[in-house]
Amino acid sequence: MKAQLYPRLAVRGIKNNKRVFVPFILTCAGMVMMFYIIVYLAVSPALDGIIGAETLKQMFALGSWVIAVFSAVFLFYTHVFLIRRRKKEFGLYNILGMDKHNIAKVLLWETLFTAIVSVSAGLAAGIALSKFAELGMVNIMRGKVSFSFIVSPLAILRCVQIFGIIFVLLYLNSVRQIRFSSAITLLRSESAGEKPPKGNFFAGTLGLLLLTAAYIIAVKIKDPVSALAMFFVAVLMVIVGTYLVFISGSVFFCRLLKKNKSYYYKPNHFVSVSSMSYRMKRNGAGLASISILATMVLVIVSSTTCMYFGEESAVNARYPREINVYFNYDSPNSIPDLDTINNCLSENGIPAENTVYYRNASFYGIVRGSTVDLRTDRASASEASSSMRLFNIVSVDDINRALGTGETLAADEALVYTDECSLDVEELSIPQVGTFRIKKQLDRFIEGISGTLPTIILVVPDFTATVDAISHSFDFDEDFMFLIRLNYGFDTGRGVDGQTSLYRKMFLLVQEENVKESFGRYNGYSVSAREVEREDFYAVFGTLFYLGIILSIVFVLAAVLIIYYKQISEGYEDERRFEIMQKVGMTEREIRKSINSQLLTVFFLPLAFAVMHVSFAFPMIRKLLLLLSLNNSSLFAVTTGISAVAFAVFYAVVYKLTSSVYFKIVRGASQ
Amino acid sequence: MSILEVKGLEKVYVSRFGGSRAEALKNVNFSVEAGEYVAIMGESGSGKTTLLNIIAALDKPTQGEVFLDGQNMNALKESSAATFRRNNLGFVFQEFNLLDTFTIEDNIYLPLVLAGKSFKEMSGRLKPIAAQLGISDILKKYPYEVSGGQKQRAAAARAMITMPKLILADEPTGALDSRSSDELLHLFAQINASGQTIIMVTHSVKAASTAGRVLFIKDGEVFHQIYRGNDTDEQLFEKISDTLTMLATGGMRK
């Protein structure tokens, strides 16, 4: 009899608090589901056939840890809310004669039930969906699909372990909270005197400064490599800044609004401004979390979809022809000409159509006015980050052939093409080499040559002479890059399989001793086929895309739950305020209007911040995508725009649904 | 001229499925003249608060009518009732009903802000009232920072600032200590002396003894009333006590 009391009380407690328990259980189940799927994919044999399966599995394993840690933090955060709502009930039990020990037992049963329901529901959903997830995954990777239905015991075990630990921690935390408060404080905890917020000027300003600094970094940064290094610093600054601004800055801002008497004392603003400032401090963290989650979702979705859909152009940019080879040389004199190469290929039965042939020499230089300094080691760090350029010397004949143009240059003239930087000079001189008069700036160039760094391509009349002069002007030892390269690419007019076999043949060819001579005395080479590389791209970008979607779902789930809890906790708080305002003579319509304007502002503030973050992050992420050869900015703009709009619509729907819950709670009091 | 007229008021609460009926008020009739200070007394559950809610148009009667300054309150729609309430009535509640998101000052301004008054006009009106109620130096504080008596005086200021035709007070001393109660009752008498009509529902004999007239409600009917005449507070106190004793022992009407 007595043994059944605790489970019964626990079940009743859950039933009576459906409004807070059901979303919590659903979210737990959602997290378990995502965790199961991702672990399942990490151990799934279906991926074994795909190129780079090991990397993929490692990425999924990493992803699973991200989800586990995020779930733990997030469930803790929301569980606090759950406990807060239950304290009154426990206080009553305490007064009626249950000691803390008994309450802990009730809590144990409650946690157990919640854990069992949510973990088993999550596992069931995870198992049901894992096959779809796998199919989707394999499809994205363009791999072969197996149709066996597998349940992964290892994934189940991992789920139970991780979420078991989380629930044990949640239980201990709630027991700790109950243990250290008396019956009366428990009973009154919900109506405990609330202090009006004091906006912390210092923290608010610091937050604004952090945000501004992060934005400046994001906008100002020039080259992708330092973008990668600074990205995480900027992300951290934005996160901290957002929290500070939401917690302190907004209170401060509301105070400014209040000081403006003719604005504040208006029926529309009066109630909403004061409740906003009152709430902002406590809910600032919640709002900041929503805003950051929203930003993460937007960044992840937009960049991974851009990667996935930009894959085609990225592959084309990096591999301009079906088969591409390059050879590195010590001296420009050893580079063979086009005919030698073409003859060699046709002798060996390799068809070459639509060929592209050009030589380039690349090195780094610091641009000071119209002079190029090759001693990059002498530049300060700030100068290096602002004026270091990757130089490429190309001959005018090569570009005329490749681009089909008819440019002519006098001996001291040059053409310039810039990528990710600009060069506004009439002349450019390289010490001990010569001075070139810039005849013209080109607006397009051979695909595949411009890389990821701010690049200046200098088109000169005599490639051999110029490169020779540069290589002798300065001792390029191993600390200074100086590459002389022949690039050769061609199409084959064959299908995928044909291309692949020609690629193998080409690969073997360049290693053959007797053939080597036709390609000159090179000291390094590379052969790549677009179709082969494409598969790799699909594997990497596909996984990122997939992980991006899964993480976004998890983050969105979290954001929705925060929004929901915010709405109902505010609903319970506002119950009494609503009643008072009605007594003082506010009509229901006026109250509704003021609540609506307040909810709207408070709710769309995080979204506005998220959009702002994303727009400032845009140039930085674009630079990072350049590292992956994705230089299709308009595609990225489109994916960002679409994700932002989609998220806003979704957010509005969630807002609408949860605010109707809010109104129901608030109205419950007056009727 | 009577400012409030209550005619044949009846309020029946029917349980959700129509099973049981509870009569909170049956046939209540009385009127209040402008400038009067009326206390309504009765035990818990006698229908006092129901009566007050109906007068304030917060609740609808089953039968009967309430006229406030000639306006039939039952005929008002919900939205116009709220506006009417805002313009013509002031409320003082037992539990103060101050909003904790506002300072004392903003709490007092609330009805005026809703009426669309300018800040200049509001602060002009507040100054003399705050001085009269002795709350001038707590205006910038929040409700949780001040005492119960101060909160209730702030609530009184909120009721007075709209210059209402009628102030309705529901157990205004119910949550106050005796000193704060005395102060508040003294203030009510003062306000009344300056011409403000007040109706106060209470079951405190002390509170009722400061009024000009006391109505007794029992089992949903006006059972008896006492006019102050030339009595002092103490004499009225005794009369009220006697009446209550009789009411309790059921001695008067047989």
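A polar contact is a pair of N or O atoms within 3.5 Å; within protein, one atom must be able to donate a hydrogen and the other to accept it, and residues adjacent in sequence count only if both atoms are side-chain atoms. This is a predicted model, in which local features need pLDDT of at least 70 and side-chain atom pairs count only at pLDDT 80 or more, while totals for chains, interfaces and linings use all residues. Residues are numbered from 1 along each chain as its sequence is written, chains are lettered from A and ligands numbered from 1 in the order in which they are written, and side-chain values use heavy atoms, with hydrogens and water left out.

Q: How many residue pairs between chain A and chain B are in polar contact?
A: Three residue pairs, with both residues at pLDDT 80 or more, are in polar contact between chain A and chain B.

Q: How many salt bridges are counted between chain A and chain B?
A: A salt bridge requires a side-chain nitrogen of Lys or Arg within 4 Å of a carboxyl oxygen of Asp or Glu. The count between the two chains is zero.

Q: What is the area buried between chain A and chain B?
A: Buried area is the accessible area (1.4 Å probe) that two parts lose on being put together, summed over both. Here the value is about 2,600 Å², with carbon and sulfur atoms giving 65%. On the side of chain A, A:Y265, A:K583 and A:V584 lose the most area to chain B, together 26% of what that side buries.

Q: Why do strand 2 and strand 5 of chain B stand at the edges?
A: Strands are DSSP runs (E, at least two residues), and helices are such runs too (H or I, at least four residues), numbered from the N terminus. Two strands pair if DSSP finds at least two bridges between them. The open sheet has the order 2-1-4-5, with antiparallel pairing. Strand 2 (21-33) and strand 5 (71-72) each have a single partner strand, so one side of each is left without a neighbour in the sheet.

Q: What makes strand 1 and strand 4 of chain B a pair?
A: Five bridges join strand 1 (residues 2-14) to strand 4 (residues 63-68), and the two run antiparallel. The definition asks for at least two bridges, so these strands pair. B:E5 stands opposite B:F67 in strand 4.
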